[in-house]
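Here is a briefing on one protein chain. Look through the structure first, then read the notes by topic.

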Amino acid sequence: MISFAQFKTKILPFVLKVESGYANVKGDKGGETYRGITRKNHPEWDGWKTIDKKKPIAQGKVIPELEESVDKYYWDFEFNLPEFDMLNSINVALILFDWRIHGGLSPSKVQKMLTQRFKVKNNNSGSFDRDTILLMNKINEKQLSDALLDMRREKIASIIKKNPSHVKF
């Protein structure tokens with residue numbers, strides 16, 4: 001199992017390096033964003049109140065008093081919700097979490113890959129449920145990481161091929 005402390009020190013910083021701070025970039029489907037949290041998809045996030053009070057805000061600006069709220073949001077809604085905290089491997093959790101945040105993670109495609117590449121039976125639930133996570137814990141960490149990274153590269157290439165302007169994201 002991955003603890004909140006491990007998540008905060010070994011996983012979340014990787015994603016937040018890319019997410020930076022405040023952003024409102026023309027062409028970004030998410031629209032107004034703070035540390036990767038989009039107002040469009042998460043208008044209920046409590047950090048928006050602070051952001052609205054501080055406007056105008058420079059692109060990329062990190063607001064220190066929001067960091068705890070950012071940590072909690074990612075832990076509660078993006079890491080625990082699909083039960084990534086039940087994974088044994090920080091590396092596998094990092095790959096899945098980063099992929100989930102940066103788009104295109106498909107639990108059903110991961111389950112299909114597990115069946116095809118590792119010849120394991122799974123419940124094909126289409127979600128990262130407890131059974132899928134426990135199954136992933138039984139697979140060699142390096143082999144699973146490599147397989148997930150292969151899938152991720154293919155997904156990114158297909159996104160850019162469909163819309164070359166997305167290369168900047």
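Among the elements of the protein, which has the lowest mean pLDDT and which the highest? Helix α7 (residues 141-162) has the lowest, at 89. Helix α2 (residues 47-54) has the highest, at 97. This is a predicted model. The mean pLDDT of the protein is 91, and 98% of its residues reach 70 or more.

**Aromatic pairs**

- A pair of aromatic rings is described by the distance of the centres and the angle of the planes.
- The protein has 14 aromatic pairs.
- One of them joins F4 and W75. Their centres lie 5.3 Å apart, the planes make 75°, and the pair is edge-to-face.
- F4 sits in helix α1 (residues 4-19) and W75 in helix α3 (residues 67-79). The two are 71 residues apart, so this pair links distant parts of the chain.
- The relative accessible area of F4 is 33%, so F4 is partly exposed. W75 has 13% relative accessibility, so W75 is buried.
- F7 and F97 form another edge-to-face pair, with 5.3 Å between the centres and 75° between the planes.
- F7 belongs to helix α1 and F97 to helix α4 (residues 90-102), so their pair ties together parts 90 residues apart in sequence. Both F7 and F97 are buried.
- Ring pairs link F4, F7, Y73, Y74, W75, F77, F79, F84, F97 and F128 into a cluster.

**Helix α3 and its cover**

- The buried residues of α3 are E67, S69, V70, D71, Y73, Y74, W75, E78 and F79.
- Their cover includes α1, α2 and α4, along with the strands β2 (33-34) and β3 (37-38).

**Helix packing**

- Two packed helices are described by the angle between their axes and the distance between the axes.
- How do α1 and α3 pack? Their axes are 11 Å apart, at an angle of about 100°. Angles of 65 to 115 degrees count as roughly perpendicular, so α1 and α3 are roughly perpendicular to each other.
- On the α1 side, F4, F7, K8, I11, L12, L16 and E19 make the contact. On the α3 side, the residues are V70, D71, Y74, W75 and F79.
- At what angle do the axes of α4 and α7 cross? They cross at roughly 15° and come within 9 Å. Angles under 35 degrees count as roughly parallel, so α4 and α7 are roughly parallel to each other.
- The crossing of α4 and α7 is left-handed.
- α4 contributes N91, V92, I95, L96, D98, W99 and H102 to this contact. α7 contributes E141, L144, S145, L148, L149, M151, R152 and K155.

**Backbone points to check**

- Most residues other than glycine have a negative phi, and most peptide bonds are trans.
- The peptide bond from K55 to P56 is cis, with omega near 5°. P56 lies in the loop between α2 and α3.
- R35 is not a glycine, yet its phi is positive, near 55°. R35 is in the loop between β2 and β3.
- K119 also has a positive phi, about 55°, and is not a glycine. K119 is in the loop between α5 (107-118) and α6 (130-137).
- Is R35 buried or exposed? R35 has 9% relative accessibility, so R35 counts as buried.
- K119 has 69% relative accessibility, so K119 counts as exposed.

Key
Residues are numbered from 1 along each chain as its sequence is written. This is a predicted model: local features need pLDDT of at least 70, side-chain atom pairs count only at pLDDT 80 or more; totals for chains, interfaces and linings use all residues. Side-chain values use heavy atoms; hydrogens and water are left out. pLDDT is the predictor's confidence in each residue, from 0 to 100. Helices (H or I, at least four residues) and strands (E, at least two) are DSSP runs, numbered from the N terminus. Rings of Phe, Tyr and Trp (its six-membered ring) pair if their centres lie within 6.5 Å; planes under 30 degrees apart count as stacked, over 60 as edge-to-face and the rest as tilted. Buried means under 20% relative accessible area, exposed over 50%, partly exposed in between (1.4 Å probe, protein chains only). Contact means heavy atoms within 4.5 Å. Axes are lines fitted to C-alpha atoms, for helices over the stretch in contact, and angles run from 0 to 180 degrees between N-to-C directions. Angles under 35 degrees count as roughly parallel, over 145 as roughly antiparallel, 65 to 115 as roughly perpendicular and the rest as oblique. A crossing is left-handed if the near helix is turned anticlockwise from the far one by less than a right angle, and right-handed if clockwise.
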